[in-house]
Amino acid sequence: MTTVGEFMTTRLVTMDGNDTLTAAAQEMRDSAIGDVVVTDGDNVVGIVTDRDITVRGVAEDRNPATTRLNEITSKDVVTVSQYDDAVAAADLMRTYAVRRLPVIEEGRLVGLVSMGDLAVEREPQSVLADISADDPNN
């Protein structure tokens, strides 16, 4: 059995729910990532992606300089443990139609597993794995 902890991403960027969309977009640009984990203190309250900023923020005519992450964050966060089976994590993604799962241990964020991570681990010859394993082009 392959566990989530064997291939999860541990290079995480977290931001407070009161941070702005602009701040999140700048952090994503500077860190060459496509998402930030939104927290309230030590608690994970959601994930905001570059697509969320575009679709739930800009396309809805919200001001990115004043709109807070907690205004566009999905509140129902599905999480996994680093000891969970990779297939079970993929099933959760399919069931809840999410592409990323925070990895939580003893109430603390320790990683993030994405659909791309699963593809690289489970189907390394797939197109998604190839794209996910490549260096960012931005």
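Hi everyone, this is a short walk through one chain, from its overall build down to a few side chains.

Before we start, please keep in mind that this is a predicted model, where local features need pLDDT of at least 70, side-chain atom pairs count only at pLDDT 80 or more, and totals for chains, interfaces and linings use all residues. Residues are numbered from 1 along each chain as its sequence is written, and side-chain values use heavy atoms, with hydrogens and water left out.

Let's begin with the overall build. The chain has five helices and five strands; helices (H or I, at least four residues) and strands (E, at least two) are DSSP runs, numbered from the N terminus. Reading from the N terminus, the order is β-α-β-β-α-α-β-β-α-α. Of the 138 residues, 38% are buried. Here, buried means under 20% relative accessible area, exposed means over 50%, and partly exposed is in between, with a 1.4 Å probe and protein chains only.

The chain exposes about 8,300 Å², and carbon and sulfur atoms supply 44% of that area. Those areas come from the Shrake-Rupley method with a 1.4 Å probe, and for residues only the protein chains shown count as cover. As for contacts (heavy atoms within 4.5 Å), take those with a separation of 6 or more: 52% of them are between residues 24 or more positions apart.

Now, on to the sheet. Three strands form an open sheet in the order β1-β2-β3, with mixed pairing. Which strands stand at the edges? They are β1 (14–16) and β3 (43–49), and each has a single partner strand, so one side of each is left without a neighbour in the sheet. On average, neighbouring strands of this sheet are turned by 40° against each other, direction ignored. For that angle, axes are lines fitted to C-alpha atoms, for helices over the stretch in contact, and angles run from 0 to 180 degrees between N-to-C directions. Two strands count as paired if DSSP finds at least two bridges between them. β1 and β2 pair in the parallel sense, over three bridges. If you want to find one of these on screen, go to Thr14, whose bridge partner in β2 is Val37.

Next, the charged pairs. Side chains of opposite charge can pair when their charged atoms come close. How many salt bridges does the structure hold? There are four, a salt bridge being a side-chain nitrogen of Lys or Arg within 4 Å of a carboxyl oxygen of Asp or Glu. Asp35 is buried, at 14% relative accessible area, while Arg100 is partly exposed, at 24%.

Another pair is Asp91 with Arg94, at 2.8 Å from N to O. Both residues lie in helix α3 (residues 86–96), three residues apart, about one turn of the helix. Asp91 is partly exposed at 35%, and Arg94 is exposed at 61%.

Then there is Arg29 with Asp30, whose side chains meet at 2.9 Å, N to O. Arg29 counts as exposed at 57% relative accessibility, and Asp30 counts as exposed at 55%.

Now for the backbone. Most residues other than glycine have a negative phi. Ala32 is not a glycine, yet its phi is positive, about 55°. Ala32 lies in the loop between α1 (21–31) and β2, and it is partly exposed at 34%. Asp61 also has a positive phi, about 65°, without being a glycine. You'll find Asp61 in the loop between α2 (50–57) and α3, where it is exposed at 72%.

Last stop: Thr22, in helix α1. Thr22 is partly exposed, with a relative accessible area of 28%. What does Thr22 touch, not counting residues up to four places away in sequence? The answer is Pro64 and Ala65. The side chain of Thr22 reaches the backbone oxygen of Pro64 at 3.0 Å, and a polar atom of that side chain lies 3.3 Å from the backbone nitrogen of Ala65.

Technical notes. A polar contact is a pair of N or O atoms within 3.5 Å; within protein, one must be able to donate a hydrogen and the other to accept it, and residues adjacent in sequence count only if both atoms are side-chain atoms.
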